[in-house]
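Subject: Structure for you to look at

Hello,

Here is the structure I said I would pass on. My notes on it follow below.

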Amino acid sequence: MSNLKYRPDGKFRTPPLGPLPWIAPSLILIATWVFWPAFEMVRTSFREVSRSGLILGYVGLENYSDLIARPELVTIFARTFLWVGTIVFFTAIISLPLASLLNQKFPGLTVVRWFIILPWAASVFSTALTFRWMLNGYYGFFNTLLVDLRIIDEPIDWLGYPTVALAWMVAVAVFVSLPFTSFVLLAGLQTIPNEVREAAQVDGASPWRTYWRIVFPLLRPALLVALVINLINVFNNFPIIWVMTQGGPGNSTDVTTTFMYKLAFRMQEMGQSAALATFNFVIIFMFILLFLRVSGWNKKDEN
Amino acid sequence: MKTKTFFKTTIISITAYAVAFIFAVPYLHMLTTATKPDDELFMMPATYLPSDWQWVNFIQTFENAPIGIYLRNSVIISLLATLVVLVVALPAAYYVARFKFRGKAIFLLLVLVTQMLSPVALVVGIYREVVTLGLVNTYLSLVLVSAAFNLAFAIWIMAGFFASIPSEIEDAAFIDGCSRFMAMRKITIPLALPGIATALIFTFIAAWNEFVIALTLTSTVDKRPLTVGINTFIGQYQVQWNYLFAAAFISIIPVVILFGSIQKWLVSGLTAGSIK
């Protein structure tokens, strides 16, 4: 008798109670554990909080104006944009050939892929710790290696100089971003039928030309997904810089997330920290919306 | 022609092995540091390999710190978080993939927004909430926070997978008298298993590696996960690098095995998500 459920107009597909029973658990979970704390964050940004954590009342935009008045803030924002941009750029240009490499057939492919996954499987926290130890100015592995290779004459305190430290931390961030990005690209590559490539080569196109004219354009959607996810992750990343330099020396390697943490837990400026966190969220939110619009993310849905 | 192919395969293989080695370096370094004797840690210049492999350090790590308890806590928290994500994300992903409904765009946007909020930014709010609910230093708080933060990714991957299974297959089952739940259980879920497994293992790994929230919400050894436990090797003045890396190395093994076990599905799991 359940045949009655079938209606030629396809209406039978909609379950009777609508979407709520299906999506409500998700909504409740994220409302309780993501949106409520986020609401708290925004509320705190308009309040004065005492050093011991007591809420003293609303102060309007005072936290925001105090935050903007901080001389280091402009540099920190500039550094954050540079940090995110550099990492996303290098991750993309290394992931593209890496994904192509993983898409080849050779003996031991599975084992190689297993190794590439390592930085993704390990926590960013322990990877960053390992690099901190490898970069140690006295006992670090990199110093021994580079002295032995005669690239440097004597050990260098890599994390002691802001620019050098930042360059290394960018390298670490790219390193931990590579597995995810290249696997998404690999997934994209595998959706491209081999015939397409073969057809181009039969027509006499060189492998290089085939890649840029045929493969790369088809890879664009996967690349966009990978870039957006990587961008959000890097922008919100905290452990790499915190573990390796704590934003130091001074504030010279701070980005917004580490400075936010310092404001809250070092300087006991809860209100300003919340203001920065709110500001940070608004920036990434606007950016993602803009990005989705420009890249035509929803094109497929609208059709 | 054959020699050319052989030549090409050789070059590709050598490049791939070299890349694999570079990716392994930090983790090999973790292992070699973990097995160095105490006094060799602070030698200048640093040695590449331990002069004397102290495998006993792994045992001593367990004796010096309650690694067993940390491991147990990590397993409990990550498994429960994965279970919560399964129960909560699966129906949402299925519905999103199968139906158009009012508010679908808003729902997806809300889910996406959860990924834009940095845990560091939310840690104060979460702490206050946990205090209000009386859940300080409990598994439950860590489980729910981890589940909430990883829900978006799970929905994304599973929905991509469900969408790739033609709904005609389900329609056929309905005509044969299946209810929606039966069709889901007997047809859709088995077909989407690679995607579901991928999403769940991602959740498990993310929960396993979570650090900032667990650091704030746990106050005693018996509730602390391994990531926070490892952090205790970092003292005020000195870091016990060999024990620290022994513990860190132990913490990596289960996740690498898990990841390796879904390798075959990983790519197809991501494919479904990214072409959606």
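From the N terminus on, the elements of chain B run α-α-α-α-α-α-α-α-α-α-α-α-α. That is 13 helices and zero strands, where helices (H or I, at least four residues) and strands (E, at least two) are DSSP runs numbered from the N terminus.

This is a predicted model, in which local features need pLDDT of at least 70 and side-chain atom pairs count only at pLDDT 80 or more, while totals for chains, interfaces and linings use all residues. Residues are numbered from 1 along each chain as its sequence is written, and chains are lettered from A and ligands numbered from 1 in the order in which they are written.

Confidence: pLDDT is the predictor's confidence in each residue, from 0 to 100. Chain B has a mean of 87, with 97% of its residues at 70 or more. Where pLDDT is low, the predicted coordinates should not be read in detail. For the complex, the predictor gives an ipTM of 0.88 and a pTM of 0.89.

Chain B overall: its C-alpha atoms fill a box of roughly 75 × 70 × 30 Å along the principal axes. Of its 276 residues, 45% count as buried, meaning that 20 or more other C-beta atoms, placed from the backbone, lie within 10 Å of the residue's own.

Domains: an automatic or database domain assignment divides chain B into domain 1 (1-63) and domain 2 (65-275). Their centres, taken over C-alpha atoms, are 30 Å apart. In domain 1, 13 residues are in contact with twelve residues of domain 2; contact means C-beta atoms, placed from the backbone, within 7 Å. Helix H1 (2-34) and helix H2 (56-64) of chain B each supply at least two residues of the domain 1 side.

Between the chains: the contact takes 79 residues from chain B and 81 from chain A. On the chain B side, H1(B) gives the most, with 15 residues.

One helix of chain A: H7(A) (residues 162-190) has 29 residues and reaches 41 Å from its first C-alpha to its last, close to the 42 Å expected at 1.5 Å a residue, that is, 1.5 Å times one less than its number of residues. H7(A) is largely enclosed by the rest of the structure, because 23 of its 29 residues are buried.

Regards

Methods. Contact = placed C-beta atoms within 7 Å. Buried ≥ 20, exposed ≤ 12 C-beta atoms within 10 Å, placed from the backbone.
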